[in-house]
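Hi everyone, thanks for making time this morning. Please have a look at the model on the screen, and then I'll walk you through some of its packing.

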Amino acid sequence: MTEDSQRNFRSVYYEKVGFRGVEEKKSLEILLKDDRLDIEKLCTFSQRFPLPSMYRALVWKVLLGILPPHHESHAQVMMYRKDQYSDILHALKVTRFISDTTPQVEVYLRMYQLESGKLPRSPSFLRPKAFEQYLSLEDGRLLSHLRACSAVSRLPYDLWFRRCFAGCLPESSLQRVWDKVVSGSCKILLFVAVEILLTFKIKVMALNSAEKITKFLENIPQDSSDAIVSKAIDLWHKHCGTPVHSA
């Protein structure tokens, strides 16, 4: 049995006996011990498994390019990043893209857009057509109901895709979604949106106006969030395949 096969066998065993994540945590710790962190392997790990909370911040910073792969540079680079944060924040206030009352989620979005050269002249968001495509594949009747109510164009796309479900899902569930986004798989957002509609299908089908449907979806019950994210990840794997762990 190869080393990868043994690792996969142990992972399945740990999951069956209720210790899911034990082997994955050990694998991640091995990756993080490298003098130069392997970005590709960290991306693959993040897409396949939930990141342990104690390592999440570090992995996210490395994957987003906030910290370099080399450990010895982290402290110095973080000092530069703090100065950069202050400069960008000041620039956005001067240009009146944000103010002291701007929601923090919006502030972070504008900072990213400014740094990446994508700051729009006026805020806009184009909902992805892929969302309707995947919802149609999973439940065409539900999509037809949304169309009949003229709700498709009024769904909370800003909350779902622009804010990446911040303010919609509790932090514990949100972190699992953002693990995938940070590691380069933004498509997971589509499947979370689809799964929200599938989970609350009965409620949505009982509502007969776009306004009522949107209002409900903007304030979904929080007790189903973990199940929604788990099922959304399953949908993501179903339609997009499972990332292969690098050797």
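Let's start with two helices, H7 (residues 129-138) and H14 (residues 225-240), whose axes come within 13 Å and cross at roughly 95 degrees. The axes here are lines fitted to C-alpha atoms, for helices over the stretch in contact, and the angles run from 0 to 180 degrees between N-to-C directions. On the wording: angles under 35 degrees count as roughly parallel, over 145 as roughly antiparallel, 65 to 115 as roughly perpendicular and the rest as oblique. Helices are DSSP runs of H or I with at least four residues, strands are runs of E with at least two, and both are numbered from the N terminus.

Before going on, please keep in mind that this is a predicted model, where local features need pLDDT of at least 70 and side-chain atom pairs count only at pLDDT 80 or more, while totals for chains, interfaces and linings use all residues. Residues are numbered from 1 along each chain as its sequence is written, and side-chain values use heavy atoms, with hydrogens and water left out.

Which residues of H7 and H14 meet? From H7 we have Tyr-134, Leu-137 and Glu-138, and from H14 Leu-235, Lys-238, His-239 and Cys-240. Contact means heavy atoms within 4.5 Å. By class, the contact of H7 with H14 has four nonpolar, one polar and two charged residues. In this scheme Ala, Val, Leu, Ile, Met, Phe, Trp, Tyr, Cys and Pro count as nonpolar, Asp, Glu, Lys and Arg as charged, and the others, Gly among them, as polar.

H7 has another partner, helix H8 (residues 140-148): the two axes come within 5 Å and cross at roughly 130 degrees. That makes H7 oblique to H8. On the H7 side you'll find Glu-132, Leu-135, Ser-136 and Glu-138, which meet Gly-140, Leu-142, Leu-143, Leu-146 and Arg-147 in H8. Sorted by class, the contact of H7 with H8 has four nonpolar, two polar and three charged residues.

Now for the aromatics. A search of the whole structure finds eleven aromatic pairs. Rings of Phe, Tyr and Trp (its six-membered ring) pair if their centres lie within 6.5 Å; planes under 30 degrees apart count as stacked, over 60 as edge-to-face and the rest as tilted. Take Phe-131 and Phe-161: their ring centres are 6.3 Å apart and their planes sit at 65 degrees, so the pair is edge-to-face. Because Phe-131 lies in helix H7 and Phe-161 in helix H9, the pair ties together parts that are 30 residues apart in sequence.

Buried means under 20% relative accessible area, exposed over 50%, and partly exposed in between (1.4 Å probe, protein chains only). Phe-161 also pairs with Trp-160: the ring centres are 6.2 Å apart and the planes are at 65 degrees, so this pair is edge-to-face. Ring pairs link Phe-131, Tyr-157, Trp-160, Phe-161 and Phe-165 into a cluster.

Next, a couple of backbone spots. Most residues other than glycine have a negative phi. Ser-150, in the loop between H8 and H9, has a positive phi of about 55 degrees although it is not a glycine. Cys-164 also has a positive phi of about 55 degrees without being a glycine, and this residue lies in the loop between H9 and helix H10 (171-182). Cys-164 is buried, with a relative accessible area of 17%.

That brings us to H10 itself. Its buried residues include Leu-174, Arg-176, Val-177 and Asp-179. What do the buried residues of H10 pack against? Their partners are helix H3 (39-48), helix H4 (53-63), helix H11 (188-199) and H14. Just after H10, Gly-184 takes a positive phi of about 105 degrees.

Finally, the whole chain. The protein has 14 helices and zero strands, and of its 247 residues, 41% count as buried. Among contacts with a separation of 6 or more, residues 24 or more positions apart account for 64%.
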